[in-house]
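Please keep the sequence and the 3D view at hand while reading.

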Amino acid sequence: MTARILDGTKIRDTIMEELAEQIRDLKGAGITPGLAAVLVGENPASQIYVRSKVKTCESLGLHSEKIEWPADTSTERLLQLVRDLNSRDEIDGILVQLPLPPQVDTKAILEAVSPSKDVDGFHPVNIGNLVSGRLGLVPCTPAGIIEVLRRSGITMQGARAVVIGRSDIVGKPVAMLLLHNHATVTICHSKTRDLATVAREGDILVAAMGKAAFVTGEFIKPGATVIDVGINRLTTEEEVRRIFHDPAPPLEKLRSKGSVLVGDVQPEDVQEKAGAYTPVPGGVGPLTIAMLMANTVQAARLRRGVHRARLVDD
Ligand code: NDP
């Protein structure tokens with residue numbers, strides 16, 4: 001059996017087109033949603049993420065501001081910045097790029113962001129909204145996973161869903177969204193006994209562990225839908241040879257590009273056993289920024305009382 005590839009890039013493009021239209025409508029009503037991205041220090045990966053988020057805002061016609069502060073910024077000064085952004089009407093979303101430098105109290109900063117502008121969905125109020133099924137702002141990667149499932153026609157209602165990983169950013173919120181969409185959900189973690197057997201019960205299997213190709217064929221129920229959230233960079237021939245059954249194509253990539261990306265799922269096994277799966281790269285990854293944009297639009301609506309439910313089917 002050769003599995004269907006769930007193309008995240010295509011789904012992302014469709015969502016972006018829909019958002020562009022919604023933003024045009026909002027602008028017609030005098031509302032331009034705005035995002036402030038706060039970057040502290042000079043972490044190169046964070047710089048790339050923030051640049052790409054701001055560029056995406058610009059391409060959609062959203063108002064955006066990039067606020068870059070030095071690595072020695074104190075918690076107090078950052079709290080003041082967040083309070084200022086909370087009080088500015090043209091800012092609908094505040095994104096504080098993580099990780100923050102070690103001297104900064106990250107929890108205090110994230111909790112200072114107004115829940116109505118918390119486009120990452122990390123504030124305890126939004127976590128509460130998510131758990132109790134209230135309208136709010138949902139973390140971007142889990143929201144993207146639900147969009148992939150919905151838009152690919154994968155039935156969640158009544159399905160057995162197994163999530164490997166219980167982080168606040170991916171595992172727990174995606175499990176909650178699957179539950180709201182009427183799946184029967186099992187959450188696994190590093191202490192789960194006989195993980196492969198539990199995983200094999202999943203009609204939908206979500207792997208979010210950060211362990212390269214850990215989920216092999218024996219974890220996958222034949223015909224299941226496999227969502228691979230992991231992003232792992234292989235940089236040595238030894239790693240590539242250990243992971244791939246046929247290492248020739250990835251070795252060529254390693255030699256030409258210097259690294260090979262793999263998810264948490266063994267890429268050859270999933271093709272053979274799953275019914276459908278998200279590849280790495282090109283699966284869940286592209287959705288995350290799109291959902292950040294969707295959250296900014298949703299935040300602009302919610303703050304003005306223009307509701308529009310998302311992500312949960314009746
Ligand atoms: P965390 O490290 O915060 O969480 C990993 C989870 O996996 C933990 O709950 C951990 O269990 C569990 N785990 C680790 N090892 C095992 C194991 N051997 N068996 C069972 N469970 C295990 O990671 P994140 O949730 O932040 O991210 C997960 C992956 O997703 C990473 O590769 C990350 O890069 C990627 N990611 C991708 C995004 C995207 O846009 N595509 C966005 C965010 C993340 P325990 O709690 O017991 O320690």
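Which residues in α3 are buried? In α3, the buried residues are Thr75, Leu78, Leu79, Leu81, Val82 and Leu85, where buried means under 20% relative accessible area, exposed means over 50%, and partly exposed lies in between, with a 1.4 Å probe and protein chains only. Seen down the axis of α3, these buried residues fall within an arc of 160 degrees, so they line one face of the helix; the arc is that of the directions from the helix axis to the C-beta atoms.

This is a predicted model, in which local features need pLDDT of at least 70 and side-chain atom pairs count only at pLDDT 80 or more, while totals for chains, interfaces and linings use all residues. Residues are numbered from 1 along each chain as its sequence is written, and side-chain values use heavy atoms, with hydrogens and water left out.

## Two helices

Helices (H or I, at least four residues) and strands (E, at least two) are DSSP runs, numbered from the N terminus. The expected span of a helix is 1.5 Å times one less than its number of residues. Helix α3, residues 75-87, has 13 residues and reaches 18 Å from its first C-alpha to its last, close to the 18 Å expected at 1.5 Å a residue. Helix α12, residues 285-303, has 19 residues that should span 27 Å at 1.5 Å a residue, and its end C-alpha atoms are 28 Å apart, which agrees. Of the 19 residues of α12, 14 are buried, so this helix is largely enclosed by the rest of the structure. After α12 comes Gly305, whose phi is positive, near 75 degrees.

## The ligand and its shell

The ligand is surrounded by 20 residues, and the closest are Arg166, Ser167, His189, Ser190 and Thr288; a residue is near a molecule or strand if one of its heavy atoms lies within 4 Å of it. By class, this shell holds 9 nonpolar, 9 polar and 2 charged residues, where Ala, Val, Leu, Ile, Met, Phe, Trp, Tyr, Cys and Pro count as nonpolar, Asp, Glu, Lys and Arg as charged, and the others, Gly among them, as polar.

| Residue | Atom of the residue | Distance to a ligand oxygen atom |
|---|---|---|
| Ser167 | polar side-chain atom | 2.5 Å |
| Val229 | backbone N or O atom | 3.5 Å |
| Ile231 | polar backbone atom | 3.2 Å |

Taken alone, the ligand exposes 930 Å², and the protein buries 71% of that; accessible areas come from the Shrake-Rupley method with a 1.4 Å probe, and for residues only the protein chains shown count as cover.

## Loops and local geometry

In the loop between β4 (93-96) and α4 (106-112) lies Gln97, which is buried with a relative accessible area of 8%. The side chain of Gln97 makes a polar contact with the side chain of Lys53 at 2.8 Å, and the C-alpha atoms of Gln97 and Asn232, 135 residues apart along the chain, are separated by 20 Å. Pro99 also lies in the loop between β4 and α4, and a cis peptide bond joins Leu98 and Pro99, with omega about 0 degrees.

A further cis peptide bond runs from Val280 to Pro281, with omega near -5 degrees; Pro281 belongs to the loop between β11 (276-277) and α12.

Which positive phi value does Asp194 have, although it is not a glycine? Its phi is about 50 degrees, and Asp194 is placed in the loop between β6 (184-188) and α8 (195-199). Ala213, a residue other than glycine, has a positive phi near 50 degrees; Ala213 is found in the loop between β7 (204-207) and β8 (225-228), and at 9% relative accessibility it counts as buried.

Thr73 sits in the loop between β3 (63-69) and α3, where it counts as buried at 2% relative accessibility. The side chain of Thr73 reaches the backbone oxygen of Pro70 at 2.6 Å.

Notes: Polar contact = N/O pair within 3.5 Å; in protein donor to acceptor, adjacent residues only side chain to side chain.
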